[in-house]
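The sequence and the structure are shown first, and a description follows.

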Amino acid sequence: MSRSALRVLMLIVVIAFALTPLVVGNFTVSLMNDIGIGALVALGLVLLTGVGGATSFGQAAFVGIAAYATAWLTTTQGLSPWIGLLFALLLTGVSALAIGMLTLRLGGHFLPLSTIAWGLSIAMLFGNVDALGRHTGLSNIPALRIAGWSLTDPRAIYYLIWFIVGLAMLFSYNLLESRPGRAIRSLRGGATLLASVGADAYRVRLTLFVTAALLAGLAGWLYAHMNRFVSPAPFDVRASIEYLLMAVAGGLGQLAGALVGAALVLVLKNGLQDVLPMLTQRAGQLEAIAFATLFIVLLHFARGGLMGFVRRVTRDRFKRPSPAAAAAVEPLPHRQLPARGTRILSVAGAVKRFGGLVAVNEVSFDVDAGEIVGLIGPNGAGKSTMFNLLTCTLPMSAGQVRFLDRDIAGMPQREVARLGLARTFQHVKLRPHMSLLDNVALGAHARTGAGVLKAGLRLDRVEERQILQEAKKQLDRIGLGERAHELAGSLPLGTQRILEIARALAADPVLLVLDEPAAGLRRQEKMALGELLRKLREEGVTILIVEHDMDFVMKLVDRLVVMNFGSKLVEGVPSAVRADARVQAAYLGSVV
Amino acid sequence: MTWDVALILAVDGLANGAIYLLAGLGLVLIFSVTRVVFVPFGDVAAFAALTLAAFETGRTPPTIALVLTLAALAVFTEVAGLVRRGEHARIPKAIAVWGLAPALPCLLAWLAARSGLPAALQIAATVLLVVPIAPLLARVVFQPIADASVLVLLIVSLALHFLLSGLGLLFFGPEGSRTNPLASGALTLGDGFTVSGQVILMVASALVLSGLFFLVFERTVAGKALRATAVNRVGARLVGIRPARTAMLAYGCASLLAGLIGVLIAPVTTMYYDSGFIIGLKAFVAAIIGGLVSYPMTAIGALAVGLVESFASFWSGALKDVIVFSLLIPVLMLRSFLSTQADEDEEEVDQ
């Protein structure tokens with residue numbers, strides 16, 4: 001499908017939505033309104049759970065906070081619903097920020113469990129506060145008015161709801177295709193990955209959490225002024241589960257899943273409400289059972305939801321339009337590299353203990369600007385631990401690391417990354433469902449600054465083009481430019497390692513730290529990699545490399561540091577190291 | 001608040017804590033072995049309470065129909081799996097294990113309801129009747145997706161709770177019931193302060209059962225297999241432990257605990273079809289204090305939850321649950337502060 005065809009399709013969808021209220025009955029319009037509101041909440045869940053990997057069982061509580069906020073302000077204080085909107089969003093945002101700050105550091109299943117706790121608490125609070133009408137709720141909420149025109153009629157508010165849904169979808173789409181979006185999509189890769197490109201996983205997750213809550217808040221505001229009555233029941237955990245069901249049924253992987261899921265769930269619910277009373281007198285109970293069963297069956301057999309299925313079918317048939325080659329933009333600013341020969345990294349007396357095991361014991365060495373230093377040693381010598389220490393991925397037990405004349409021991413990993421220390425991982429950390437280009441573009445995270453709001457409103461386009469241009473440049477450099485739009489997961493492992501180098505280069509590093517980059521490469525590829533690294537050295541980039549392929553290392557490096565049993569054995573130029581009896585003994589066993 | 005009131009509240013809290021302790025043990029057991037946060041635990045307890053109430057009023061407990069329905073589903077799942085793999089020879093055994101074995105307690109319960117047995121036998125029949133529920137649910141719902149991520153399992157578990165509470169309403173109806181006290185009399189502790197026999201029974205059962213738990217885990221092969229599976233599933237498999245079978249054992253034990261909880265709590269609280277959820281959630285708060293893995297910490301957590309609940313209810317009856325659940329937040333904060341950040345890759349959503 002080409003770009004223009006896509007536009008025409010979008011236009012048709014918009015016109016279809018605009019014409020719907022003119023041809024269908026009141027009941028369908030009301031249903032569509034409910035779907036729109038559900039889709040807003042589900043959209044937040046697709047972003048938070050589907051993309052960001054954090055499950056929330058309390059999203060309905062945010063809908064409730066906003067609905068009650070505007071209901072209270074407009075009924076008891078007599079203020080305009082538009083002030084109510086501001087108040088609702090403010091209150092939802094602040095609540096989400098507070099809850100998020102308290103709970104988002106939790107790992108694994110603790111986070112979703114905590115969402116059950118506050119989801120329940122908030123809903124219970126609504127039912128127990130006198131000012132909020134306890135279990136009877138608040139009624140007589142004024143209808144919305146736009147320029148003197150009252151939106152009492154479901155057909156009138158229909159346009160507002162779907163206008164907002166459209167905007168929210170657009171905002172979310174823009175967001176995902178941007179700098180903060182790439183960070184959000186990388187959340188599932190773990191905090192270490194994000195920290196290695198200078199991003200703070202906790203802050204990214206917090207921003208995402210608040211964004212999702214604000215979408216729920218928007219839905220809550222619409223809900224209050226559409227139904228003009230609020231009570232605690234629609235905001236309890238059961239409702240949260242229903243929103244989650246929408247997101248899962250539609251497909252957590254795609255934004256459109258929110259819309260499709262909301263429609264699917266609400267239409268089905270309505271259908272069940274029509275059909276079940278004809279079959280049995282206990283329709284209400286059966287409805288709950290049917291829904292729970294449906295949910296479980298879905299998670300058993302179709303975890304990707306309807307859109308996941310649609311995408312599987314269409315992926316092969318329609319190729320994504322490859323973006324037109326954008327006009328060249330000014331490249332991202334480069335950092336001033338230190339003069340050749342100045343000391344940039346010095347490790348002094350580094351010690352790392354894991355309980356009683358001393359993995360790194362009193363290791364000291366220096367790295368000067370513009371050289372390639374190899375770190376070698378037999379298996380279990382402590383090389384990778386040493387790497388984790390000097391990139392501040394692991395805290396040191398004792399010792400000092402200075403990078404660019406700053407003491408970095410104890411500094412958070414992302415701060416070190418921002419100083420210009422870029423690394424690759426021994427166990428590749430790439431995002432398999434993101435394109436090569438996006439993976440590399442993630443590396444430029446710390447060099448740029450667009451936030452969620454800027455990205456969602458498309459105010460970041462110049463910077464975004466700079467980022468993508470830089471990413472493409474680095475991809476071309478490692479010879480993968482032709483495959484920029486393939487998924488990283490489809491590459492063989494060796495090539496994935498090279499891709500990590502491109503990502504590290506996109507950060508414009510002073511020091512490049514490579515953990516076994518040549519493992520899994522064929523001879524030709526290894527030679528190309530050697531060429532690339534030598535060229536980088538000429539450009540002034542300093543490289544520290546752990547590698548097992550002796551032939552490769554000996555030809556490449558200026559200096560070698562050999563480790564054995566956690567301690568430094570020798571240090572010197574390759575020929576001297578090769579001739580050293582202790583090194584030979586460490587690798588081959590001593591003769592005696 | 002005077003000392004008398006505080007003492008009464010403390011005893012009350014202790015009794016609640018005993019219940020949460022038993023529930024917390026069950027939850028930790030299931031989670032550590034299967035990684036499933038078993039939200040429907042409380043529902044099973046509620047079913048036990050309602051079953052006993054049915055016995056006492058001389059009705060045939062609707063639980064029989066529920067268990068038989070689940071057994072039919074389990075047999076269907078099992079047989080369908082066997083047929084798909086072409087292992088027809090194992091079908092009779094599957095039917096015996098998943099269909100006939102659960103039908104046995106149903107038969108007992110049916111006979112017990114007929115003949116108006118003494119209370120002790122009714123209680124035994126009740127507990128036996130609910131024991132198959134969790135294993136059957138696990139066979140149908142969790143075993144086919146045993147390798148899914150913790151989050152998917154959690155979502156499924158929560159949906160399963162709503163399914164069960166729907167079924168509960170269907171089978172038991174919306175009325176609440178309360179059963180006869182198991183222990184009459186009271187213990188007078190000087191100065192007119194008495195502790196009811198029921199409370200003593202609850203606390204004593206919790207102590208005895210957790211002691212038993214400890215013995216089983218430390219001294220029996222089955223207990224060691226459970227612990228091994230909890231520590232490392234793959235490793236356990238390598239030494240010949242079948243994770244599916246250990247999981248069933250864990251579910252069976254948890255179901256038994258739930259049954260006992262239901263029987264213990266039914267005389268002091270009016271139980272409805274959905275009362276279990278809140279009990280289960282409070283036990284979760286306790287289990288989370290133990291990080292969902294530590295039994296002793298869960299016990300301490302259970303006591304804390306019970307006491308906080310009882311004192312909170314003195315302060316504001318309506319908000320006591322809000323207070324208990326809000327307790328979770330500082331607990332979680334403390335946990336995340338203490339735990340060293342393990343950086344795990346989270347699983348992808350299947351596309």
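Two residues are in contact if their C-beta atoms, placed from the backbone, lie within 7 Å. Axes are lines fitted to C-alpha atoms, for helices over the stretch in contact, and angles run from 0 to 180 degrees between N-to-C directions. Helices (H or I, at least four residues) and strands (E, at least two) are DSSP runs, numbered from the N terminus. In these terms, helix H14 (residues 383-390) of chain A lies across S5, S6 and S8 of chain A and runs at about 120° to S5(A).

The model is predicted: local features need pLDDT of at least 70, side-chain atom pairs count only at pLDDT 80 or more, and totals for chains, interfaces and linings use all residues. Residues are numbered from 1 along each chain as its sequence is written, while chains are lettered from A and ligands numbered from 1 in the order in which they are written.

**Strands of chain A**

Strands of a sheet pair through backbone hydrogen bonds, either parallel or antiparallel. Two strands count as paired if DSSP finds at least two bridges between them. Chain A has an open sheet of four strands in the order S6-S5-S8-S9, with antiparallel pairing. Its edge strands, each pairing on one side only, are S6(A) (357-368) and S9(A) (406-407). Within this sheet, A:Ala348 stands opposite A:Gln400 in S8(A).

| Strand pair | Sense | Bridges |
|---|---|---|
| S5(A) (residues 343-354) and S8(A) (residues 398-403) | antiparallel | five bridges |
| S7(A) (residues 372-376) and S13(A) (residues 559-564) | parallel | four bridges |
| S13(A) and S14(A) (residues 567-572) | antiparallel | five bridges |

S13(A) and S14(A) form a hairpin with two residues between them, and A:Phe565 in the turn has a positive phi of about 50°.

**Helices of chain B**

Helix H2 (residues 41-56) of chain B packs against H12(B) at an angle of about 135°, the axes lying 7 Å apart. The two helices are therefore oblique to each other; angles under 35 degrees count as roughly parallel, over 145 as roughly antiparallel, 65 to 115 as roughly perpendicular and the rest as oblique. Among the residues that make the contact are B:Phe41 and B:Val44 of H2(B) and B:Phe277 and B:Ile279 of H12(B). By class, the contact has six nonpolar, three polar and one charged residue. Here Ala, Val, Leu, Ile, Met, Phe, Trp, Tyr, Cys and Pro count as nonpolar, Asp, Glu, Lys and Arg as charged, and the others, Gly among them, as polar.

A residue is buried if 20 or more other C-beta atoms lie within 10 Å of its own, exposed if 12 or fewer, and partly exposed in between. Ten of the ten residues of helix H6 (residues 133-142) of chain B are buried, so this helix is largely enclosed by the rest of the structure. The buried residues include B:Arg139 and B:Phe142.

**Where the chains meet**

In the interface, 43 residues of chain B are in contact with 46 residues of chain A. On the side of chain B that touches chain A, H7(B) (150-172), H12(B) (276-289) and H14(B) (320-338) each supply at least two residues. The largest share, 15 residues, comes from H7(B). That side has 30 nonpolar, five polar and eight charged residues.
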